[in-house]
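This briefing is meant for a reader who is meeting the structure for the first time. Please look over the sequence and the model before reading on.

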Amino acid sequence: MRNLKDLTRPTIWNLTPYSSARDEYKGSDNVTFLDANENPYSAPYNRYPDPAQNKLKKKISEIKGVASSSIFLGNGSDEAIDLLFRVFCEPNIDNVVAIAPTYGMYKVCADINDIDYRSVLLNDEYQFCTHALLEKTDKQTKIIFLCSPNNPTANNLDRKEIIKLLTTFEGLVVVDEAYIDFSDAPSFTKELNKYPNLIVLQTFSKAWGAAAVRLGMAFASPEIIQLLSKVKYPYNINQLTQNYALNLLKDTVTIEKWINEIKEERKRVARLLQKTTCVTKIYPSDANFILIKVTDANAIYNYLVEKGIIIRNRHSVVLCEDCLRITIGTPDENTQLLNFLQLYK
């Protein structure tokens, strides 16, 4: 890995971050706060939240087995993705590389930040080759983005190829694990100490059933986390979100139950889709959704919309011609979808 200072935008490396009142005071809560121009009434939400989210990070640290100093919390994973561009990529100079097809926000953030976005097509099995990705890089390539399990293809990327990339690329490698809880593959959070250029993204939106709460996680070296924290808005995670997440983290048994039920439903839906005449291929899934190839994606999508069933039409996505992406819902929701597909002619 190149020196972190060399990878970081000079403006960010030299930045003096905004220091809030809560940043400057680290003592007991049993004091009178007259420092932040807050309304003294309507406790507890009259007070600014902890800008470092220390209690929440401590609980996440216990569950994930990652030190609190290696955890960044954002307004969804999208905030962490955007900050990676803002911290490491100089507009109109630097570039990033990613696989295709994959999660669309990587390119959106690149475009917003005036960063050249270079994509490399996956093969017929939706896997990537390290050599092909490295061929797209140059001295201005700061980040390579991987999503595993990948969206929209639903499969785990080859772990050996990811490790090869981590050991050969001198920039940062982001492994987006939004769907890792539905996979049997181990998380790359266990590899953080081995690879200083590794950044792992996870979220509360999927397995934790909290998409509306908007809470994403980034795991990386403490030095990378410090840089992200320099640039984030001071109070990016509000107190309502922090409280909700803390309560959610107390009940991991229920979360495991949800995950297991979704994985079982994924098997059932895939099995029954095989008996549906309009489905021509079912791709293997390590996520909470299934990608299928159908006889006419646009027609079938519109048919399901008329029936009140909304799935995702991926026909216009590269390597996904005539493909639909189906999120695994409740058993009743899945059965309703399957029944309509079986009636389609």
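The notes below go from the overall fold to one strand and its partner.

This is a predicted model, in which local features need pLDDT of at least 70 and side-chain atom pairs count only at pLDDT 80 or more, while totals for chains, interfaces and linings use all residues. Residues are numbered from 1 along each chain as its sequence is written, and side-chain values use heavy atoms, with hydrogens and water left out.

**Overall fold**
- The protein has 13 helices and 11 strands, which are DSSP runs numbered from the N terminus (helices are H or I with at least four residues, strands are E with at least two).
- Along the principal axes, the C-alpha atoms fill a box of roughly 70 × 50 × 30 Å.
- Of the 345 residues, 51% count as buried, a term that means under 20% relative accessible area with a 1.4 Å probe, counting protein chains only.
- Among contacts (heavy atoms within 4.5 Å) with a separation of 6 or more, 69% come from residues 24 or more positions apart.

**Strand β2 and its partner**
- Because six of the six residues of strand β2 (residues 95-100) are buried, this strand is largely enclosed by the rest of the structure.
- Asn95, Val97 and Ile99 point one way from β2, whereas Val96, Ala98 and Ala100 point the other way, and all are buried.
- Strand β3 (residues 116-121) pairs with β2 in the parallel sense over six bridges, where pairing requires that DSSP finds at least two bridges between two strands.
- Within β3, Asp116 is the bridge partner of Asn95.

Note on methods:
Buried means under 20% relative accessible area, exposed over 50%, partly exposed in between (1.4 Å probe, protein chains only).
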